[in-house]
Structures are given as structure tokens and as C-alpha cells.
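Me: I have a structure to go through. Can we take the terms one at a time?

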Amino acid sequence: MNSQLIEQLRLRLGANGLPYEIPMHPKLVHLTLGLFIIAILFDIAGAIFPIERPIFKFLGLTAIRSSFFDVGWYNLLGAAVVTFFTVGFGFFELLLANPPVNQKSDWGLNASWTMLLHGLGGVVLLGAIVAMTVWRGWQRYHSRQVQWSYLLVGMAMLGLLYVHGTLGGQLGGEFGIHVTAAKLIQEGINPNWLPK
């Protein structure tokens, strides 16, 4: 971001180049991932419940099929809400980024391309999660069953989230964007010397 604009906004950037100490986007990313993964796994568990029922009975666990679907639904709903904040903080932190110019990731992309793909991917994934939430809500309140096509799309989404998350990991770990400690480690400097 332009330094004059940062001054006009009166942002006091810390060691990681952010107006707060620790980047918020990665924290929210993991919340989104956890909620989405749990949602899909519990819906799968609900869909194959007749196969699992003898195992639960053997273990003495009382399990109700609809409870698996409830966990799936509420986690997906939570993921849809949290992802708006995840993408919002992601764009804010991308705007404040100062990417290196002479460095490439393990995938052969420079920092600018990685940032562009990660930003666009975030918007696409937000739209996909919201669309899946609408689809899942329609199933919940109309047919009370989770469709296999929904579960297959959910599993494909897990693959996309893995690729997208890897791009984000490269931004922090390989390019050191908003992770000053990663840059110091790459330079062989003790990250404990990081100014507070």
C-alpha cells in the first residue's frame, strides 16, 4: 500500500507490517477450514450411517443420524459466516503487503502472482461456500436428506481448499509476507530478535 495512504489512514504498522501484532487472516483461515471440514465429514458420516450403526452399537454409543446432519449443517453455516471475515482480513492484509520481487515459490510463481491467485481464489471459494450453504439449507428444509452430489462437491472443495491454503502458506512461509520471523529464519537470524 502507498506509504502516504498509510499515513493518511493513521495506521501504525508493527514488525509484521500490520496495525496489529499477529496477522488475523491465517487465524480465520484455519477457523473456516475447520468448520468446513467438520461439516463435510459429519454429513458423510450421516449419509453412511446405516453402515456405521453396528459399530456404534458395539461400542455402546448412542448415535442418531439426524445429529450428524445437524453438526454438518451448523458447521457449514458457521463456515459461510466466518469466511466473509476471512476474505475481508485477507484483502486488507494483502493491501499492506510488501512482496519480494526476486523470489519464486516452490511452484515457480513470484510473490505478486501468488498474491493475485490467492486473492482471486479467496473470492471464488467464498462464493462457493455460500452457494453450498444455500444448497445444503435447501436440502435440510425440503428433503431432510443430504444428496451424494453435494458430498462429492464438498470433497472436491476440500481439494481446492488444500491448493488455496498452500498458496497462502507460500505467501507467509516462503515470501515472508507479514511473517517477519520467516524472513529472519531464511536469513539465518534469530527471530527472537524481532522488535516488538
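Reply: Start with burial. A residue is buried under 20% relative accessible area, exposed over 50% and partly exposed in between, with a 1.4 Å probe and protein chains only. By that cut-off, 37% of the 196 residues of the chain count as buried.

Me: What kind of model is this, and how are residues numbered?

Reply: This is a predicted model, where local features need pLDDT of at least 70, side-chain atom pairs count only at pLDDT 80 or more, and totals for chains, interfaces and linings use all residues. Residues are numbered from 1 along each chain as its sequence is written, and side-chain values use heavy atoms, with hydrogens and water left out.

Me: What is Thr133 in contact with, leaving aside neighbours within four places in sequence?

Reply: Contact means heavy atoms within 4.5 Å. On that rule Thr133 is in contact with Trp73, Leu76, Leu77 and Ala80.

Me: How many helices and strands does the chain have?

Reply: Seven helices and zero strands. Both are DSSP runs, numbered from the N terminus: helices are H or I with at least four residues, strands are E with at least two.

Me: What makes the chain more spread out than a compact globule?

Reply: Its radius of gyration is 21 Å, well over the 16 Å that the globule rule gives for 196 residues, so the chain is more spread out than a compact globule. The radius is taken over C-alpha atoms, and the rule is 2.2 Å times the number of residues to the power 0.38. Along its principal axes, the C-alpha trace spans about 60 × 35 × 30 Å.

Me: What makes a set of residues a nonpolar core?

Reply: The members are buried Ala, Val, Leu, Ile, Met, Phe, Trp, Tyr and Cys residues, joined through side-chain atoms within 4.5 Å. The largest such core has 20 residues. Phe36, Ile40, Met132, Tyr150, Leu151 and Met157 touch the most other members. Helices H2 (24-47), H4 (65-95), H5 (111-143) and H6 (148-174) each give two or more residues to this core. The largest share, seven residues, comes from H2.

Me: Which residues does Ile40 touch, not counting those up to four places away in sequence?

Reply: Met132, Tyr150, Leu151, Gly154, Met155 and Leu158.
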